[in-house]
Amino acid sequence: MTKYSLLLIALAGFAQAQQGSIAGPVAGFVFDSGAQALRPLRGIVGAATAGDPINSGYQLTAAYVAPRQDSVFGIAAAGSNNESNNVVSTHYFTLNSGALTEVAITGLMAQPERIAYSPSGTAAVLFSNGQAQMVAGLPGSPSVVGSVQLRQGARTINPTSLAVSDDGVYLLFAVGGSIQLASQSGGVRAVMTSGVGASVAFAPGASYNAAVAARGTGAVLIQNVTGGAAQQTLAADDASFQVVAGLSFSADGKHLYMASAAAQSVVTLDLSGNRTDIACSCTPTELVPMGNLFRLTEFGSGPLWLADAGSLGPRVVFVPALTAAQ
């Protein structure tokens with residue numbers, strides 16, 4: 001065999017090995033309650049399909065993925081993974097190349113009712129029965145940094161919406177017709193009044209800018225909610241604010257997105273108040289950041305609807321429902 005032939009064989013083997021290592025693009029990750037696991041959305045935005053479940057080592061009843069898709073909080077079913085204590089438990093994972101690696105967090109709330117990440121995914125808040133627990137140092141060095149009991153007198157409260165700052169120090173939440181701010185040290189104060197059913201969001205970074213959207217209020221930007229809290233109306237109240245499904249800033253903090261269940265649309269606002277409405281052939285139930293995407297509905301038997309804020313956006317796209325074989 002000639003040296004030329006040997007070279008061709010070696011190159012062919014190298015190319016085959018390279019092809020085997022390519023997993024293809026992944027648009028994001030979603031929780032599949034039927035499979036009790038995360039699934040990747042394989043392919044490019046607008047042409048993605050749901051991939052195979054990812055093994056976490058547990059049977060998950062819920063999972064919350066960070067905006068940058070680099071970490072996950074998972075709620076494991078009682079007795080999952082043959083744990084000796086037959087109780088529900090919370091687990092934290094880093095997410096890299098589609099693989100989950102569990103990282104222990106001392107004192108983590110065992111059974112949160114819901115979890116919300118900060119805009120950049122560097123902090124999170126776990127909430128249950130009036131208690132809000134802040135976790136910071138995500139994704140690589142997570143730790144519990146504070147806990148606040150949310151009460152009105154002797155009664156614990158259940159916020160309609162809550163948001164945590166990127167440093168994990170402040171918690172903004174809506175209850176009744178009031179927007180309130182809690183700090184890591186335990187203090188709570190009112191910021192503004194709003195319509196009932198408000199959604200709140202922190203902007204990314206250390207500015208502590210925030211936003212509120214609600215019926216009767218419209219969309220309001222709050223400059224430095226921890227200090228002067230000057231308010232700027234970005235959009236006047238109209239029919240799209242009758243049922244606000246979710247609110248979130250873009251990754252660069254220059255745009256505000258609102259999912260309207262009432263108008264079946266996604267509203268895009270820049271900080272000058274310019275507005276774009278994108279219709280959806282769905283009724284949004286949430287607005288969950290996934291990189292340049294926002295998830296509008298839960299993953300289930302029907303199509304998964306997403307808002308795309310990337311270079312081709314703003315637009316609304318969907319991921320087809322699972323087939324019987326999946």
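Trainee: Why is phenylalanine 73 called buried?

Mentor: This is a predicted model, so the value is computed from predicted coordinates. Buried means under 20% relative accessible area. Phenylalanine 73 has 0%, so it is buried.

Trainee: How many aromatic pairs are there?

Mentor: The count comes to six aromatic pairs. One of them joins phenylalanine 73 and tyrosine 92.

Trainee: What makes the pair of phenylalanine 73 and tyrosine 92 tilted?

Mentor: Their centres are 5.0 Å apart, and the cut-off for a pair is within 6.5 Å. The planes stand at 50°. Stacked needs under 30 degrees and edge-to-face over 60, so this pair is tilted. Phenylalanine 73 sits in strand S5 and tyrosine 92 in strand S6, 19 residues apart.

Trainee: Why is tyrosine 92 called buried?

Mentor: Its relative accessible area is 1%. That is under 20%, so tyrosine 92 is buried.

Trainee: Why is the pair of phenylalanine 73 and tyrosine 117 called tilted?

Mentor: The ring centres lie 5.8 Å apart, within 6.5 Å, so the rings pair.

Trainee: Is tyrosine 117 buried or exposed?

Mentor: Tyrosine 117 has 14%, under the 20% limit, so it is buried. Phe73, Tyr92 and Tyr117 form one aromatic cluster.

Methods. Residues are numbered from 1 along each chain as its sequence is written. This is a predicted model: local features need pLDDT of at least 70, side-chain atom pairs count only at pLDDT 80 or more; totals for chains, interfaces and linings use all residues. Side-chain values use heavy atoms; hydrogens and water are left out. Helices (H or I, at least four residues) and strands (E, at least two) are DSSP runs, numbered from the N terminus. Buried means under 20% relative accessible area, exposed over 50%, partly exposed in between (1.4 Å probe, protein chains only).
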